[in-house]
Amino acid sequence: MSDAREPPEESLEQLAARQAKAHRDLAGQLRVLVLAPGPQRAAHLHPKAPRLVLRHDGYQWTPLMTATDYAAAQQLLHGPPPIPPPAGPARTGSRGRHRKPD
């Protein structure tokens, strides 16, 4: 009799296919490590520390480049910040419909 808590049997072919898909999904992704003393912690704790940018090649994380600080690493990962639209002409004259006329 089979225990209900045991996972179903998975053939080696299914396991290999699942692992290959997981590796393909990671391929090309970027990851950043803080080059500061001590264990890896949240990126914002050392904003001025240099960063090592890693790229997954489908098998392992390989060094790609270094970034000078947190802001440069974020720009590498997410692109430059959006440019705000130019300010429109100043409004003149109307004070809004909800105000009583003078």
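User: In which sense do β2 and β3 pair, and over how many bridges?

Analyst: This is a predicted model, in which local features need pLDDT of at least 70 and side-chain atom pairs count only at pLDDT 80 or more, while totals for chains, interfaces and linings use all residues. Residues are numbered from 1 along each chain as its sequence is written, and side-chain values use heavy atoms, with hydrogens and water left out. Strands are DSSP runs of E with at least two residues, helices are runs of H or I with at least four, and both are numbered from the N terminus; two strands pair if DSSP finds at least two bridges between them. For β2 and β3 the sense is antiparallel, and the number of bridges is 6.

User: Which residue in the turn of the hairpin formed by β2 and β3 has a positive phi?

Analyst: The hairpin of β2 and β3 has 4 residues between its strands. In that turn, a positive phi of about 95° belongs to Gly 58.

User: How many bridges join β1 to β2?

Analyst: Strand β1 covers residues 30–34 and strand β2 covers residues 51–56, and the two run antiparallel. Within this pairing, Val 34 stands opposite Arg 51 in β2. The number of bridges that join β1 to β2 is 5.

User: What accessible area do the residues of the nonpolar patch have together?

Analyst: A nonpolar patch joins side chains of Val, Leu, Ile, Met, Phe, Trp or Tyr within 5 Å, from residues with over 30% relative accessible area and no salt bridge, which would be a side-chain nitrogen of Lys or Arg within 4 Å of a carboxyl oxygen of Asp or Glu. Here the patch is formed by Leu 30, Leu 64, Met 65, Leu 76 and Leu 77, and β3 (61–67) and α2 (70–78) each supply at least two of its residues. By the Shrake-Rupley method with a 1.4 Å probe, where only the protein chains shown count as cover for residues, their area together is about 360 Å².

Terms used. Patches are made of residues with over 30% relative accessible area and no salt bridge: like charges are joined within 9 Å, nonpolar side chains (Val, Leu, Ile, Met, Phe, Trp, Tyr) within 5 Å.
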